[in-house]
Amino acid sequence: MDAPVVIVGAGPVGLMLAGELRLGGAGVRVLERLAEPSGESRASTLNARTMEIFDQRGLVERLGGPPPNDMRGHFGGIPLDLSGTPTPYPGQWKLPQPRTEELLGEWASGLGAEVRRGVRVRALRPGPDHVEVEADGPGGPTTVRASYVVGCDGEESTVRRLGGFAFPGRDARRELLRADVAGVDVPDRRFERHPEGLAIAARRPDGATRVMVHAFGRRARERTAAPGFDEVVEVWKRVVGEDLSGGTPLWVNAFGDTARQAERYRAGRVLLAGDAAHRQMPVGGLAVNLGLQDAVNLGWKLAAVATGRAPEELLDTYHEERHAAGRRTLAAIGAQTEVLLGGPETGALRTVLAELVGMPRVRGRLAASAGGLDVRYGTGSDGPPPLGAHIPPGALGGAGAAALRAGRGVLLHPDGAAGPVVHDRVETVRGSVDGAPVLVRPDGHAAYVGGDADGLGAAARRWFGGPV
Ligand SMILES: Cc1cc2nc3c(=O)[nH]c(=O)nc-3n(C[C@H](O)[C@H](O)[C@H](O)COP(=O)(O)OP(=O)(O)OC[C@H]3O[C@@H](n4cnc5c(N)ncnc54)[C@H](O)[C@@H]3O)c2cc1C
């Protein structure tokens, strides 16, 4: 093999996955069609669970500490206070996508991932024990032989098409127009509703203003290219009444409420993650976070399989766990889109929802969902808490955090190092959750709760494979 794992796409998800695979000991080559990162501002917020994951991997430290934070979340534009959520990282953390990609790229390369730029993948040829990846690179056509290929190549994924993945759902019906504009002076607006539509404006530290606008009832356009600035100017004028035409557009785009999800995240030796696996409106900053959390679920499993430590069936748990998590997130996004982009006819619904969001239990539930903190994997939801749920970084102690940072599992046990040794990839450290021992997977989720030696051993073998 040229590389045990080939990742197509060096966006945030591909780079996160590359680092995770290296932590798990697998060789990885990332093929990216762009010669240089695009630098487009796109996603700008990390949610609480992504920040916990970044903390687990030492990435918050690499950033020089947490980025700026905003406790003001929203549910479809209805204010949602994110403070008080049970996590060390409540709120929305402001990190422009180019900075996220730079951080993850440096981390993955430092761990030994090979990132090749200017290489566009155009064909896949699956064999019995490998996949051949054909691409056009700077030196002409090239073929790479890999054990596994992961498509992290975004919403128009080539890997999804070549791999024959069904991608059911629906196309955009409505859209938000967006422009980063220099040289305009308009007041900041947070989900301001006008009779004709919805307007958002935020002045950035560099002086440019990001405006977003939707005219109620205006259908999404069929687009093969970004909209012109004149379209944004026209719709803004119609909705808000202000004239933006004197400004200089820095970046203009439109995003619609497309909602699609791959039927399977795995087809043999080909897998999908991030926007390649699910396409959604990036409302509430959920899109990039969902993809990063796919990568962290897949990385350690694929590393274990690609290095021969675990059987292939382990990869099916990636589909089961992340498809379910994606389905829930897409439903949450769908509900928010109705509330956000619905016209005056949604007024009564918004009034009732705003009242409900004010109730502590409802607020807590929605804040946990916005933070990606409410995911419980697999049969976990039937077992004793916190089975299947994430274990916040603080519960692991110094030794547990160090083990997780290295991509190893952790057994939190009241006896500490004197507790049972369950697997050579699991560190036993002092700790417990509500007094019970907990086996923690490399992605920070609880794989077993309780001290039963047989149960612990079986869970360790299930998730970490047989002894090397
Ligand atoms: C215009 C736009 C605006 C957005 N705004 C927001 C926002 O405000 N908030 C938010 O949360 N999210 C936003 N998103 C979504 C967010 O950017 C994505 O969720 C996130 O980038 C997904 O990461 P990814 O790594 O899965 O895919 P991507 O970031 O799309 O990365 C895919 C990579 O694959 C590469 N690639 C594609 N095809 C090939 C090929 N054949 N061979 C080799 N390489 C290939 C691409 O060049 C790209 O670098 C926006 C997305 C877009 C497109």
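## The largest cavity

At least two residues each are supplied to the lining of the largest cavity by α2 (48-56) and α7, where helices (H or I, at least four residues) and strands (E, at least two) are DSSP runs numbered from the N terminus. The share from α7, 3 residues, is the largest. This is a predicted model, in which local features need pLDDT of at least 70, side-chain atom pairs count only at pLDDT 80 or more, and totals for chains, interfaces and linings use all residues. Residues are numbered from 1 along each chain as its sequence is written, and side-chain values use heavy atoms, with hydrogens and water left out.

The largest cavity holds about 90 Å³ of space. On a 1 Å grid over the protein atoms alone, a cavity is a set of points where a 1.4 Å probe fits but cannot get out, a pocket is an open set with protein on both sides within 12 Å along at least five of seven lines, and lining residues have an atom within 4 Å of a point. Grid points are joined across faces, edges and corners, and a volume is the space filled by probe spheres set on the points. Among the lining residues of this cavity are Arg49, Gln293, Tyr377 and His445. In the whole structure, 5 cavities of 30 Å³ or more are found.

## The second largest pocket

The second largest pocket has a volume of about 450 Å³. Its lining comprises 30 residues, with Ala325, Arg328, Thr329, Ser369 and Asp374 nearest its centre. Two or more lining residues come from each of β5 (72-75), α7, α8 (314-341) and α10 (360-370); α8 gives the largest share, 9 residues.

## The ligand site

The ligand is surrounded by 27 residues, each with a heavy atom within 4 Å of it. Glu32, Gln97, Val121, Arg178 and Asp275 are the closest.

Polar contacts are pairs of N or O atoms within 3.5 Å. A polar side-chain atom of Gln97 is 2.8 Å from a ligand oxygen atom, and a polar backbone atom of Val13 is 3.0 Å from an oxygen atom of the ligand. In the side chain of Arg178, an N or O atom lies 2.7 Å from a ligand nitrogen atom.

## The annotated span

An unreviewed UniProt entry lists residues 3-330 as "domain: FAD-binding"; such annotations may be inferred rather than shown by experiment. This span is 29% helix and 32% strand, and its end C-alpha atoms lie 33 Å apart.

Terms used
Polar contact = N/O pair within 3.5 Å; in protein donor to acceptor, adjacent residues only side chain to side chain.
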